[in-house]
Amino acid sequence: MTASTETGHPNVLAKAVREGLFAGVISFFMFLLFVGIETYQDINNALVWRTRWGLLAIFVAVAAVGRFLTVGFIKPHLDQRKLAKAKSGVLEISESKSFFHRHFLKIALIFLVLYPFLSLMIVGKQGSLKYVDNFGIQILIYVMLAWGLNIVVGLAGLLDLGYVAFYAVGAYSYALLSSYFGFSFWLLLPMSGILAALWGVILGFPVLRLRGDYLAIVTLAFGEIIRLVLINWTDVTKGTFGISGIAKASFFGIWSFDTGTANNFVRAWGLSASSVYYKVFLFYIILALCMLTAYVTIQLRRMPIGRAWEALREDEIACRSLGINTVTTKLTAFATGAMFGGFAGAFFATRQGFVSPESFVFLESAVILAIVVLGGMGSLTGIAIAAMVMVGGTEVLREMSFLKVVFGPDFTPELYRMLLFGLAMIIVMLFKPRGFVGSREPTAFLKERRAVSGSFTKEGHG
Amino acid sequence: MAAENLLKVQAVETYYGNIRALAGVDVEVNKGEIVSLIGANGAGKSTLMMTICGAPQARAGTIVFDGEDITKLPTHLIARRRIAQSPEGRRIFPRMTVYENLQMGAGLDNLKYFNEDVEKIFTLFPRLKERQSQRGGTLSGGEQQMLSIGRALMARPKLLLLDEPSLGLAPLIVKGIFEAIKKLNQEEGLTVFLVEQNAFAALKLSDRGYVMVNGKVTMSGSGKELLANPEVRAAYLEGGRH
């Protein structure tokens, strides 16, 4: 490849044409059955099929042209840039960072705090519902879940495929205790966390001896067990019907967001009735919960238990020979991660006002894990960015109804969110095999703190 | 040197499933001694090391450390009795920095003596000081061995177990590491129990030695005696047939 770039373009172009044609042929056969043929039911309810040659042609053309451009122009260009960089001797990691880079976290936090007001100012009350709720709250829930799972997977290195179980435990704890006993949100929030942590310990005990693939399978099963219990224990959980009419969170008991109560927030402040105030309130709750998760994670990493988690991820036998009790270390990791899952679950229940086992399927666990892996195991910033891209991307897809013009009126863009996930996965794993932010900040240092280059942090394996 | 007993391994048998790896081993280590254990591959040397640490636990026999029976204790509790091990294959934490690795070693005292001890390790192995903010996995083999020993020393051990510190290292580095061990023993009175393939270097360094064959101790004596022993010379020192 380098030889051909130096000798001239004809070689590269010939290769690009060849590879482009090849990609076209492959994609033709790959998409022939998926895209080229469509089945549907006619008036007699019989299943018949028709062909979609036009759409298939678009797919094949995109693959062929894309490959042609990649091989013919993009790759030589990138190679040349790398070569030039290597020659000039400039390291990729430079010490001098831009202002934005250095203060990224502060800027992001300020933006988040101002976000609801910005959205109210720009798109008004009715428009803000979408931006605060669908984007803001939705993304932050996943940020919190992913940060919670990060403690188990990213720090302690225990691959958990059933994390959604703790989310479910938290949500149902809140839903059940609130509707049966009428406890308030602020009492049930910590309780849900504690109950989820308890389940974390219960799961932790039998799986202590397991590692890697075996642990993944058992946790996967645990997630399914919880879901099946929720479906089948109809006396308590109302099964697939779910629990509705869950109480809203109140402003620490001072103001309520239920319409008709005397201390209604809107009435107390003399505002015009709108559900957006409640959404903004919820936004700040979940933001605070996220900050709590981040704070606890950062603090724990500096404490002996956090260091023990990281050491455990690296070498269990060495840990034991240094006097670390691996049993309690693993259990605390499970319990801490589960606790944050429980918090997020309780919040989810109060936000939706409705929980059903539908919300706690395996796909959710997979999405949360995908966010952790994409963001870079152990990196809070990377995970937050990954959550924004993945969850926000799904929401953006919903907005893309203009695509119907291209693909026909039956096209529903949000059905393609898995495609987005797959694409993001492939892109990140190709270009940043250790996740968006693959560097691990050492917690102990003598003189100066130096980030460890991404090429040494965990590769994309369990 | 008063022959005060620190570690006493008596008639220990260890099994991997149904396979007997140790067939009744008796070994003693006195305070302030360097004792080495030599033997061919598969003789059970490393198994004895691991058995002392409780992973796997001995199925028969007793291991007494500092007057206490530790045979059935879990590994982490044995480590808390101040038996530190630099295990076979070094087993440092590859993605943590050298400094963090050393910190992990000092966890028993909750880092109380950390600053003091880390200086000591850096004087003993200056290379580690140069590399302190580098990740363990990026060190060379010799540096990793130094780190492994350094990490074990951070626990302020009463007994240091070294499993093949010379494995895969250049002779010059091996010499350096053995000199460091000697220095620790002479200056700090550290008791060392050493497993080695490199029989000549190990016996020269040691006060006493044991020879292990097929899960049994077949010979013991002072380092000099064993070095002079024709059988030992034939089997382990001159590359002869056993």
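**View 1. Helix α6(A) is mostly covered, with 13 of its 18 residues buried.** A residue counts as buried if 20 or more other C-beta atoms lie within 10 Å of its own, as exposed if 12 or fewer do, and as partly exposed in between, with C-beta atoms placed from the backbone. This is a predicted model, in which local features need pLDDT of at least 70 and side-chain atom pairs count only at pLDDT 80 or more, while totals for chains, interfaces and linings use all residues. Residues are numbered from 1 along each chain as its sequence is written, and chains are lettered from A and ligands numbered from 1 in the order in which they are written. Helices (H or I, at least four residues) and strands (E, at least two) are DSSP runs, numbered from the N terminus. α6(A) covers residues 164–181 and reaches 25 Å from its first C-alpha to its last, close to the expected 26 Å; the expected span is 1.5 Å times one less than the number of residues. G182(A) follows the helix and has a positive phi, near 70°.

**View 2. The contact between chains A and B takes 25 residues from chain A and 28 residues from chain B.** Two residues are in contact if their C-beta atoms, placed from the backbone, lie within 7 Å. On the side of chain A that touches chain B, α12 (304–314) and α13 (316–321) are the elements that give two or more residues. The largest share, five residues, comes from α12(A). This side of chain A divides into 12 nonpolar, five polar and eight charged residues.

**View 3. An open sheet of four strands in chain B has the order β2-β1-β4-β5, with antiparallel pairing.** Two strands pair if DSSP finds at least two bridges between them. The edge strands, each pairing on one side only, are β2 (19–30) and β5 (68–69) of chain B. Strand β4(B), residues 60–65, pairs with β5(B) over two bridges in the antiparallel sense. V64(B) has D69(B) of β5(B) as its bridge partner.

**View 4. Helix α1 (residues 45–52) of chain B packs on this sheet.** The helix touches β1 (5–16), β2 and β4 of chain B. Its direction makes about 70° with that of β2(B); axes are lines fitted to C-alpha atoms, for helices over the stretch in contact, and angles run from 0 to 180 degrees between N-to-C directions.

**View 5. Chain B has 10 helices and 10 strands.** Buried residues make up 50% of its 242 residues.

Conventions. Nonpolar A, V, L, I, M, F, W, Y, C, P; charged D, E, K, R; others polar.
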